[in-house]
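Subject: Handing over a structure

Dear colleague,

I am passing this structure on to you, and my notes follow below it. Please read them with the structure open beside you.

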Amino acid sequence: MIYFYRLIQPFKALTFDLDDTLYDNRPVIKRAEKKLIHFLNQSHPKLLKFTHKNYQFYRKKILLKYPKIYFNINDWRRQSILLSIKSFGVQSQLAIIISRQAMSLVNFWRNQINISTDTHYILKSLSAKLPLIAITNGDMNMKECNINQYFFEIFRSGVNGPPKPYVNMYDLAAKKLNLLPNEILHVGDSLNTDVLGAINYGMQACWLNIYNKSLLSSKDARVLPHFEISNLIYLKNFV
Ligand SMILES: [Mg+2]
């Protein structure tokens with residue numbers, strides 16, 4: 001299904017969101033955090049009763065202390081884990097060691113992502129015709145997930161600038177491609193990061209709506225995308 005909202009101009013490149021656009025990220029994070037809690041429970045007697053609720057509490061605490069920490073999701077996770085361990089009474093040096101091990105474990109599970117053959121197919125066929133750049137607010141590793149071959153470049157929030165909808169990473173992408181903003185189509189699942197940022201920067205925006213949400217009644221909607229698709233496969237109609 002495709003719905004059109006604005007006049008589409010020909011585009012010469014695509015930028016892509018990663019999480020929840022190329023794969024369902026929610027079960028990935030859920031499993032990674034489950035592994036984290038289990039690891040912490042085993043790693044020290046004082047952490048035996050540490051729960052996911054405790055982890056959420058310390059994540060919020062870190063965010064209150066450093067409001068911009070969400071720019072870098074990986075750093076936020078690292079600091080939350082360390083604070084969690086220390087707050088449960090583990091001595092400082094040991095807390096650092098345990099938190100490093102915990103981070104390697106979470107980073108491993110965070111990248112155990114099943115990219116569907118359909119997604120591989122569409123990325124392969126699009127990248128054969130146009131340059132693709134990834135713009136993410138997350139921390140997935142494209143190489144570990146075996147999709148880096150389709151992308152010309154990746155920009156990450158916290159590393160390359162503030163997160164979407166801030167326009168900085170869109171601007172980096174346009175400069176890297178040496179194109180005007182409206183010569184680029186951004187594709188993403190989020191109305192208030194992907195679509196809003198792309199439209200504010202002057203790019204064309206495609207909203208991937210796999211959950212059949214209503215654009216007009218969605219609380220996340222800020223601006224209209226150029227068009228909406230229910231599956232990435234519809235992008236084939238445009239290139
Ligand atoms: Mg997303």
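**Between the two domains**

Between domain 1 and domain 2 the count is three salt bridges, a salt bridge being a side-chain nitrogen of Lys or Arg within 4 Å of a carboxyl oxygen of Asp or Glu. The residues on the side of domain 1 that touches domain 2 divide into seven nonpolar, four polar and four charged, where Ala, Val, Leu, Ile, Met, Phe, Trp, Tyr, Cys and Pro count as nonpolar, Asp, Glu, Lys and Arg as charged, and the others, Gly among them, as polar.

Please keep in mind that this is a predicted model, in which local features need pLDDT of at least 70 and side-chain atom pairs count only at pLDDT 80 or more, while totals for chains, interfaces and linings use all residues. Residues are numbered from 1 along each chain as its sequence is written, and side-chain values use heavy atoms, with hydrogens and water left out.

The chain is divided into domain 1 (2-23 + 115-237) and domain 2 (26-110), with bounds that come from an automatic or database domain assignment. To their contact (heavy atoms within 4.5 Å) domain 1 gives 15 residues and domain 2 gives nine residues, and the C-alpha centres of the two domains lie 30 Å apart. The area buried between them is about 910 Å², of which carbon and sulfur atoms give 46%; buried area is the accessible area (1.4 Å probe) that two parts lose on being put together, summed over both.

Arginine 77 forms a salt bridge with aspartate 139, and their closest N and O atoms are 2.8 Å apart. A search of the whole structure finds ten salt bridges. Because arginine 77 lies in helix H3 (residues 73-87) and aspartate 139 in the loop between S3 and S4, this pair ties together parts that are 62 residues apart in sequence; helices (H or I, at least four residues) and strands (E, at least two) are DSSP runs, numbered from the N terminus.

**The magnesium ion**

The protein donors of the magnesium ion are Asp17 (OD), Asp19 (O) and Asp189 (OD), which lie 2.1 to 2.2 Å from it. Donors are N, O and S atoms within 2.8 Å of the metal (3.2 Å for Na, K and Ca), and water is not among the atoms, so sites may look incomplete.

**Backbone points to check**

A cis peptide bond, with omega of about 15°, joins lysine 164 and proline 165. Aspartate 20, although not a glycine, has a positive phi of about 65°, and this residue lies in the loop between S2 and H1.
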